[in-house]
Amino acid sequence: MIEMKDVWKAYPNNVKAINGINFQVDKGEFVYIVGPSGAGKSTFIKLIYREEKPSKGEIFVDNTNIAKIKERHVPFLRRRIGVVFQDFRLLQQLNVYENIAYALEVIEEERDVIKRKVMDVLDIVQLKNKARAFPSELSGGEQQRVAIARAIVNQPEVLIADEPTGNLDPETAWEIMDVLDEINHRGTTILMATHNKDIVNTIKKRVIAIESGRIVRDEVRGNYGYET
Ligand SMILES: Nc1ncnc2c1ncn2[C@@H]1O[C@H](COP(=O)(O)OP(=O)(O)OP(=O)(O)O)[C@@H](O)[C@H]1O
């Protein structure tokens, strides 16, 4: 479902962030991406949703080589890949319902379809009662759940999470993991970059470790493997 073949990425300032990565993820997998700060995790993730283009190599999402697609086709790719970030990135002037509906309005979905889909994802993240609240009225964990709802409302095949628990206290981080686990059980492939040692060592999943832009470890039910 996702495959990288000999992928390299050098930034314009000549920093070599990814140095020859080969890997494959099957549909329905849940994969943690770990590694020291500056190892290339975010770059790796950005390559998958085409925020960055590789300097060399091929990246397949299903059978599309996304390194090759034209700029005007990128929005179509983004519908197949949901993304969540450490800092939530909600639109402050829109309420919860509107933040999520926005992703459907831009593709001109019908009003009643939008309503059904938004309420369905709010149900999954257990925030139906907060539909009219604004981001500033929510806790960090609630904001992240809205961001997750927004990321999955188009029913993407893949959900990418870059440090989704990075801004949250430990208890709230576990709640976010429950939500991600639920989404994974419904069939969505999940890639999650994280520094959260406790979570990786407790909720066992495949672990890919990146150091200096290379995969140095790929284990089926791995450990975090670093001191925090
Ligand atoms: N837009 C950019 N332009 C130039 N260099 C960059 C850019 N983004 C990242 N880098 C560099 O690429 C390398 C990898 O960075 P990246 O953000 O992928 O690491 P990371 O593993 O996600 O780090 P962290 O865990 O601290 O978030 C670093 O040396 C970083 O300084």
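**View 1. Strand 1 and strand 4 run side by side in the antiparallel sense.** Strand 1 covers residues 2-10, strand 4 covers residues 56-61, and five bridges link them. Strands here are DSSP runs of E with at least two residues, helices are runs of H or I with at least four, and both are numbered from the N terminus. Two strands count as paired if DSSP finds at least two bridges between them. Look for glutamate 3: its bridge partner in strand 4 is phenylalanine 60. This is a predicted model, where local features need pLDDT of at least 70, side-chain atom pairs count only at pLDDT 80 or more, and totals for chains, interfaces and linings use all residues. Residues are numbered from 1 along each chain as its sequence is written.

**View 2. Helix 1 is mostly covered.** Among the buried ones are Phe44 and Leu47. Just after helix 1, arginine 50 takes a positive phi of about 60 degrees.

**View 3. Serine 42 belongs to helix 1.** Serine 42 counts as partly exposed because it has 18 C-beta neighbours inside 10 Å. Although 120 residues separate serine 42 and aspartate 162 in sequence, their C-alpha atoms are 6.8 Å apart in space.

Note on methods. Buried ≥ 20, exposed ≤ 12 C-beta atoms within 10 Å, placed from the backbone.
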